[in-house]
Amino acid sequence: MKTVRCSIIGFGAIGQGVAEVLLMKKEYLENMGLDVRVIAVVDSRGATLSPEGVDLADCLARKREKGTVAQEKITGLEVIKSIDHELVIETTPTNIETGGAGLQNMLAAFEKGLDVVTSNKGPLTLKYRELVETAKAAGSKFRFEATVGGSMPVINFAKEVLAGNNIRSIKGILNGTCNYILTRMLEERASYTDILAESMELGIAETDPTYDVEGIDTACKLVILANAIFGLDTTYEDVDVTGITKITPEALEMAYENGHVIKLIGEVSRDRIHVAPRLVPINHPLAVGGTLNVASLDTELAGEITVTGRGAGSVETASAILSDLVSIYREQ
Amino acid sequence: MRVSMDIELKDVPGQMLLALQPLSECRANLITVLHHHQKLTPRKTVPVQLVLETRPENIPDIKARLEENGIKVVRVGEHRFRESINVVLIGHVVHTGIQDTIDEIDKTGFAEVADLTLSMPGIDMISSALIKINALGKEEIQKSLNILKEVSAKKDLLMVLPIDVQA
């Protein structure tokens, strides 16, 4: 049995999803020869620590009751620097302006030769090249499937499953909030403002929905795809972005009568990275509804391949983190 | 069948009526009329391009009736526009001059606005339009989209393009 000692840095929806998934999959991982032991769970107020492995069920219960897991006053960065372990599961919130705590955490982890699995887009959008090179120099594994498309496999799918195929372009819906808003506007023939309010009530849109509805979130994901799959060195500044705030129910209806839906489509290839609302034929593989995400990869040998799945949600996103974890330690 | 027809009118009033009457009599459905008033031919006639929907067997009759009315039929051919595309425009589509937007495409000669659906929910509210553009080929479609893109930028309109064209 191989023991993987890991920290969960960031215990919001995704961090909690990771804890739930690790509890659910304990036996599965053990059958695979992996004893995944969480030695630290950290949120913004402090941490729960145990070299023998913290009780994840207890952490989840305390987080629900008290709003924090903090038992000791220690930050994620301090945990990374001072406690022996192998893997940092970095699930702090995305900050695309500075990279936030996530960037510091990842760099510190690599400095110590730790592996990192993350769902945090910010650092990868700003400093992709630096992070990948630092990880490589340190001999650290660095995986980030959960940053794009939530549970839907795209990065590992392109790099591993489709290995050997030259990928010409990727087009898709990478933001579930926008997809939900556009789907509902058409269904209800309601205005953007009305459906945005509904989405906030349901927790599908955040209180400040700017990142999602202005296409910024989609653009960040495209930057990650451009760098990870197309080997480019791009940042958010290189993306041409138009959001969905100007879309009218009348436009959606006219398009629909003409056999089309309007979707916020992200598109990436070697020459261009672009986010804009587009007309998609109703029977097209990218015309998925609700909060679903979808990506269509145009490959050299295999033609078009389309994947679709849930782009958000705590357990869904944690499933991508779990698959990254397994793929790092399974074969070692 | 869709047919394009190039005709020439005398540059005097009432000619357009003489050109359109035979179409109506033969129950042809007129799709577009391009009236090139500024481009007089050396014969001092006005070139007009028609696109109509009709049965092939009606064409000789239409042609004969036009000529009876003194209209020169220069060319009759199967409709030359082979490609078409739909584009949605959102913004103050009408206030910023929809005719002008259409003219920018139509005056190219290689593309035309073939259909337009407009929705104006209220005064001062954002309107939406679905425009169908026909063009000679794929390259001409792209060229007309570039024109439309410039016009949209100037008029602050959001242009929603189909997924399969280069944005």
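1. Read along the sequence, chain B runs β-α-β-β-α-β-β-α-β-β-α-β, which comes to four helices and eight strands, where helices (H or I, at least four residues) and strands (E, at least two) are DSSP runs numbered from the N terminus.

2. This is a predicted model, in which local features need pLDDT of at least 70 and side-chain atom pairs count only at pLDDT 80 or more, while totals for chains, interfaces and linings use all residues. Residues are numbered from 1 along each chain as its sequence is written, chains are lettered from A and ligands numbered from 1 in the order in which they are written, and side-chain values use heavy atoms, with hydrogens and water left out.

3. The C-alpha atoms of chain B fill a box of roughly 50 × 35 × 30 Å along the principal axes, and of its 167 residues 47% count as buried (under 20% relative accessible area, with exposed meaning over 50% and partly exposed in between; 1.4 Å probe, protein chains only).

4. Among chain B contacts (heavy atoms within 4.5 Å) between residues at least 6 apart in sequence, 70% join residues at least 24 apart.

5. Chain B carries 20 positive and 23 negative side chains, with the centres of the two sets 4 Å apart; Lys and Arg count as positive and Asp and Glu as negative, without His and the chain ends, and each charge is placed at NZ of Lys, CZ of Arg, CG of Asp or CD of Glu.

6. In chain A, Glu237(A) lies in the loop between α11 (216-229) and β8 (240-241), and Glu237(A) is exposed, with a relative accessible area of 70%.
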